[in-house]
Amino acid sequence: MDIFLQQLANGLTIGSMFALVALGYTMVYGVMKLINFAHGDMVAASAFVGLTIYTQVMGQATSLAAVIIIFLLSALVMACVGVILERVAYRPLREAPRLSAVVSALGASLVIQNGIMLIWGPRMRIFPELVPQVYWDLGGVVISLIQVIILALSLILMVALYLFVEKTRMGAAIRASSIDQDAARLMGINVNSVIALIFIIGSSLGAVGGLFIGLYYRGITFNMGWQYGLYAFIAAILGGIGNIPGAMLGGMLLGLFNAFIAGYVSSTWADAFTFILLILILIVRPTGILGERVAEKV
Amino acid sequence: MKKYERFGLPIFIIMMAILPHMLNDRWQAVAITFLIFAVVALSQDIILGKCGMFNMGQALFFGMGAYTTAILNNEYGWSVVATIPLAIIIPALFGIILAGPIVHLRGDYLLVVTIGFNIVFVQVLQNNLGGITGGPNGIFGLDSLSLMGYDLMSQISVYYFAFLVLLLTLWVMHNLANSKPGRALHYLREDQLAAESIGINTRIYKIFAFALGAGIAGLAGTVFAVQYSAVSPEAFEFIQSVLFFSIVLVGGSSIPGILLGVFVMFVVPEIFREFATWRYFIFGFAMILAMILRPRGIWPATFGKIPKFLIKDSNHGA
């Protein structure tokens, strides 16, 4: 029972990081029907940007205000990178064959990943201890302050995003663009700015996810983006790609699944089990858990 | 395209036939690598370019062939040549088994599932399933190539082995372009619904493409295992699949385009060794640029004997 509760806590923590990253994938896919392969590397880049802001800009301060500034600045930087990425690598290919955009996304991923390597070096870097190491022992289950912060902040961000997309005019524009871009354009929606907005939101959420990864795992490497990105993408598919609550649910479920595999089976097989789960889901229910049934044959 | 088939291809073949005699050891090894990866890229083209299925797990079949040869040679003492049939058949069978339940998936889903296959495969190798894959270190100390009592261990003979495999692959691709299955794959890629309605069994042909591509990649795997007389999991990581995937699409899914892509991706970095750390950074930019300037690839493929007046745009293909 202890293992179960402990892995539940770990799973929810990992899951909320997956969910934050998955939102970036699912929003871009929803509107552009493109797997943004560079998103995972943006997440990794955010951890390194946060590291640099901490050492260079903030002078290694770890006060609450400093931590908040690190998060905001990192999100801002990554939002800018996201908008530039869309402008340079994706916008020229919007009318091109689908696969061209996929190759462009892979290229962007290589550029960002190796850009990180060229700037920060190929070796693992240690992310600063921004949050004090506080642990609570709840009858055999150890929960850290970091876990609580990650979970709480992720939930707040997700609820905020959900309200933004469902209740505001801009959110309605996003939803309209993801249903039918041409019709949305005819209704007077500026699809280009909707896409830019999506990249801003997705990249900033991914940036927060990247900082969480740094805080939680401590060691950050230039090529970690692929791994987290892939997991987050699976989470997005699991929940039904293009579906925002689906990405949140998928992220949480995948985090729990991973934690229980690591707790009860073996962490060396975690990747294999995750992909076997994905393959089974795609065979049985290709549109994911919350995805709507589409008329098009999948 | 016709010009290329009549002049370009024979010149390329003759050049490659005499090439190893003009190179030193290091460049011979590079040339062998070029031949092997060209074969894998062409096999990927059958699945991705000819049939239009988003397969991003080609390194799996490549690795399966390499490991088949390595395991049979190392554990069971088969000669390398004797492992060739199985190194083709086993990946092809896996191609059929794996593709069977997933070929109906829509493009992007297929992409992710094939990535998944590749990652599961590498994890199986690393965890040494069944105690025969040698774990993270792989298997080393394979026998050299020998045929009918002759020991062909020199690098030149490995080169000609690889060259033979490339010629075989080019021959298969040529026949594919001029045969019923090849036309079926082409229609299938252009419009699946239309292909189905003129009586093409799309499911069978998709699985066929996977089996053919997997078998050829498996054969390339054997050559790879022979070249290094070793195999290890990281040679078949899915980043390799990403490279093959990109080569086919940037090349435009035509034979010269793909060969050019393999050359740029695997030979050029050997020339500019001092820029090794910049390699993927530059490739990334090159991929974006190539796609923006030529969305259908640098050298777009044209198909078979379709009369000119039927082709609306000259950029037909990809």
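Trainee: Which residues of α2(B) meet α11(B), and how do I read a pair like that?

Mentor: Two packed helices are described by the angle between their axes and the distance between the axes. Keep in mind that this is a predicted model. On the α2(B) side you'll find B:Val30, B:Thr33, B:Phe34, B:Phe37, B:Ala38, B:Ala41, B:Leu42 and B:Asp45. They meet residues of α11(B) including B:Ile258, B:Val262, B:Phe263, B:Phe266 and B:Glu270. By class, this contact has 12 nonpolar, two polar and two charged residues.

Trainee: At what angle do α2 and α11 of chain B pack, and how far apart are their axes?

Mentor: Helix α2 (residues 25-50) and helix α11 (residues 255-271) of chain B pack at about 145 degrees, with axes 9 Å apart. The crossing of α2(B) and α11(B) is right-handed.

Trainee: OK, on to the two chains. How many residues of chain A are in contact with chain B?

Mentor: The size of an interface is often given as the accessible area lost when the parts come together. Here we can count residues: 33 of chain A are in contact with 31 of chain B. On the chain A side, α4 (98-120), α9 (224-239) and α11 (270-284) each supply at least two residues. The largest share, 13 residues, comes from α4(A). That side of chain A divides into 25 nonpolar, six polar and two charged residues.

Trainee: Where in chain B is confidence lowest, and where is it highest?

Mentor: Strand β3 (residues 150-152) of chain B is lowest, at a mean of 69, while helix α9 (residues 202-228) of chain B is highest, at 94. Chain B averages a pLDDT of 87. For the complex, the predictor gives an ipTM of 0.87 and a pTM of 0.89.

Technical notes
Residues are numbered from 1 along each chain as its sequence is written. Chains are lettered from A and ligands numbered from 1 in the order in which they are written. This is a predicted model: local features need pLDDT of at least 70, side-chain atom pairs count only at pLDDT 80 or more; totals for chains, interfaces and linings use all residues. Two residues are in contact if their C-beta atoms, placed from the backbone, lie within 7 Å. Helices (H or I, at least four residues) and strands (E, at least two) are DSSP runs, numbered from the N terminus. Ala, Val, Leu, Ile, Met, Phe, Trp, Tyr, Cys and Pro count as nonpolar, Asp, Glu, Lys and Arg as charged, and the others, Gly among them, as polar. Axes are lines fitted to C-alpha atoms, for helices over the stretch in contact, and angles run from 0 to 180 degrees between N-to-C directions. A crossing is left-handed if the near helix is turned anticlockwise from the far one by less than a right angle, and right-handed if clockwise. pLDDT is the predictor's confidence in each residue, from 0 to 100.
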